[in-house]
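Colleague: Could you walk me through a few spots in this model? I'd like to see what sits next to what.

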Amino acid sequence: MKRISFIVLFLLLCFTCLKAQVDRSSIPQPGQAPEIKIAKPAAFVLRNGLRVFVVEDHKIPKVSYLMIFDSDPVLEGKNAGYVSIAGQLIGTETKNRKKDQIDEEIDYIGAKLSYSGESVYASCLKKHNEKLLELMADGVQNSVFTEGELKKTKKRNITALSVNENDPNYIASRLLDVLIYGKSHPYGEIASENSLSSVSVELCRKYYEQFYRPNNAYLSIVGDITIDEARELVESYFGKWQSAVVPAFKYKTPIPPQKNVIVIVDKPDAVQSVIKIGYPINYYIGCPSYLELAAANTILGGGTYRLFDNLREKHGYTYGAYSKVTPNENVGYFMAYASVRSAVSDSAVIQFLYEMNRMSSETVSEKELTAVKTNIGGNFALSLEDPNNVARFAYNIVKFNLPLDYYTNYLKSIDAITADDIKNVSSKYILPSNSYILLVGKASEIASKMKTLSPDGKVLFYDINGNKINSKK
């Protein structure tokens, strides 16, 4: 009994000591950001200008290819939608293979092969690697465009468009693009049944011949392949691909409105309002304050943070409210968004603007800042498990002229962000008084309320095709 009592006493003393050493009432302070070691992709350039990155990953017998074309956006005008259609036609038939033959060969080796106007993706098991590369190279260099395939593709696109035009979220997305960029900018163009119907084989072929060029392309290769194997295969299948002068375009850079502009698209049968608040920003990968703005947006609405807590948890207006900042080398944009009950549309907008304003009028707490750094850092660490992301980092470094150690020091850069940085970058990029405030909903229920939030007491009305209209609502 004495021995048992001694053991119990000893354990109690140990528990007391441990409790004294660990204070569980306070959040542990984060340690220093670790140094990230990222495998450096091998890189080479063919004589025709094709830039290639290779990331070896021998854990799985699989190889994937991603070819990205570095083209300026094209203003499509009366033929809006033709670039997308051209991308859907590329690779469907070549000088060497009919469509059925291509489909059969891809299915036989269990591969993936897809084309768009801006990129090509392919993936397969290592043992079928050379066959897949042969098929991919054939589509990239030898595509032909037929009236029969064009007719079917246009029909699919027109059908999809007619379905989407009844979707309030789709309407809101393309109308916000019109407001932010304007219809004279490629990002603000709207495809219609007429514009899609006008697309010709000649237009699609011309786009392909102008922009599918090796000196306009980056090729990332990831998987169970060595640099020597990759170099030999790429040289064999893409070495004779002819380079050419690629058209370049410049467009007027859109700017935020001088004051808030409220726009309504009437959907008489709506029981909810889709709200999108946005404007253009000069924001691209590696720009000054790139990481600081990413952190600020995360605090505002890049997850279940302030907007979510306010509009959902506190007020019950919506299932979720969020924001995002999208980088683009031409011009990026900020957007905050939610779908809310019609009756609280104006109240929801007020809370959006309140939270946007609070980002630059108040200093974020250390608790929020620490949580966001952990979130961003954790997502980055997880991204390193995918070799395709390592290839993307290499592409970004070359494309955007980033420092060679940009991603190696990524966590350190995140860790160095301060509350003052968040406040300063928010005052520059988060603009509650210079926004397009778009609502797609029942105008008869929301228009009069929204007028009270307008700086000039006016609300603009647009149709689903981005045309300004008159309304007596």
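**A working chat about the model**

Colleague: Which residues does Asn260 touch, leaving out those up to four places away in sequence?
Modeller: Asn260 touches Leu353, Pro432, Ser433, Asn434, Ser435, Ile437 and Pro455, if residues up to four places away in sequence are not counted. Contact means heavy atoms within 4.5 Å. This is a predicted model, where local features need pLDDT of at least 70, side-chain atom pairs count only at pLDDT 80 or more, and totals for chains, interfaces and linings use all residues. Residues are numbered from 1 along each chain as its sequence is written, and side-chain values use heavy atoms, with hydrogens and water left out.

Colleague: Is Asn260 buried or exposed?
Modeller: Asn260 is buried, and its relative accessible area is 9%. Buried means under 20% relative accessible area, exposed means over 50%, and partly exposed is in between (1.4 Å probe, protein chains only).

Colleague: What does the side chain of Asn260 reach?
Modeller: The backbone oxygen of Pro432 is reached at 2.8 Å by the side chain of Asn260. That side chain also reaches the backbone nitrogen of Asn434, at 3.1 Å. A polar contact is a pair of N or O atoms within 3.5 Å; within protein, one must be able to donate a hydrogen and the other to accept it, and residues adjacent in sequence count only if both atoms are side-chain atoms.

Colleague: Which strands form a sheet with S7?
Modeller: S7 belongs to an open sheet of 7 strands in the order S9-S10-S8-S11-S7-S12-S13, with mixed pairing. Strand S9 (321–326) and strand S13 (468–469) are at the edges with a single partner strand each, so one side of each has no neighbour in the sheet. Two strands pair if DSSP finds at least two bridges between them.

Colleague: How many bridges join S7 to S12?
Modeller: Strand S7 (residues 261–266) and strand S12 (residues 460–462) run parallel and are joined by 3 bridges. Val265 is opposite Tyr462 in S12.

Colleague: Which helix packs on that sheet and touches S8?
Modeller: Helix H12 (residues 345–361) packs on the sheet and touches strand S8 (272–281), S9, S10 and strand S11 (436–441). The direction of H12 makes about 30 degrees with that of S8. Axes are lines fitted to C-alpha atoms, for helices over the stretch in contact, and angles run from 0 to 180 degrees between N-to-C directions.

Colleague: New topic: at what angle do H2 and H8 pack?
Modeller: Helix H2 (residues 82–89) and helix H8 (residues 201–211) pack at about 75 degrees, and their axes are 9 Å apart. That makes H2 roughly perpendicular to H8. Angles under 35 degrees count as roughly parallel, over 145 as roughly antiparallel, 65 to 115 as roughly perpendicular and the rest as oblique.

Colleague: Which residues meet there, in H2 and in H8?
Modeller: Tyr82, Val83, Ile85, Ala86 and Leu89 in H2 meet Leu203, Cys204 and Tyr207 in H8. By class, this contact of H2 with H8 has 8 nonpolar, no polar and no charged residues. Ala, Val, Leu, Ile, Met, Phe, Trp, Tyr, Cys and Pro count as nonpolar, Asp, Glu, Lys and Arg as charged, and the others, Gly among them, as polar.

Colleague: What does the side chain of Glu56 reach?
Modeller: The side chain of Glu56 makes a polar contact with the side chain of His58 at 2.8 Å. The side chain of Glu56 also reaches the backbone nitrogen of Ile227, at 3.4 Å.

Colleague: What stands opposite Glu56 in S6?
Modeller: Gly223 stands opposite Glu56. Glu56 and Gly223 are 167 residues apart in sequence, but their C-alpha atoms are 5.3 Å apart in space. S2 and strand S6 (residues 217–223) run parallel, joined by 6 bridges.

Colleague: And how does S1 pair with S2?
Modeller: Strand S1 (residues 42–45) pairs with S2 in the antiparallel sense over 4 bridges. S1 and S2 form a hairpin with 5 residues between them, and Gly49 in the turn has a positive phi of about 100 degrees.

Key
Helices (H or I, at least four residues) and strands (E, at least two) are DSSP runs, numbered from the N terminus.
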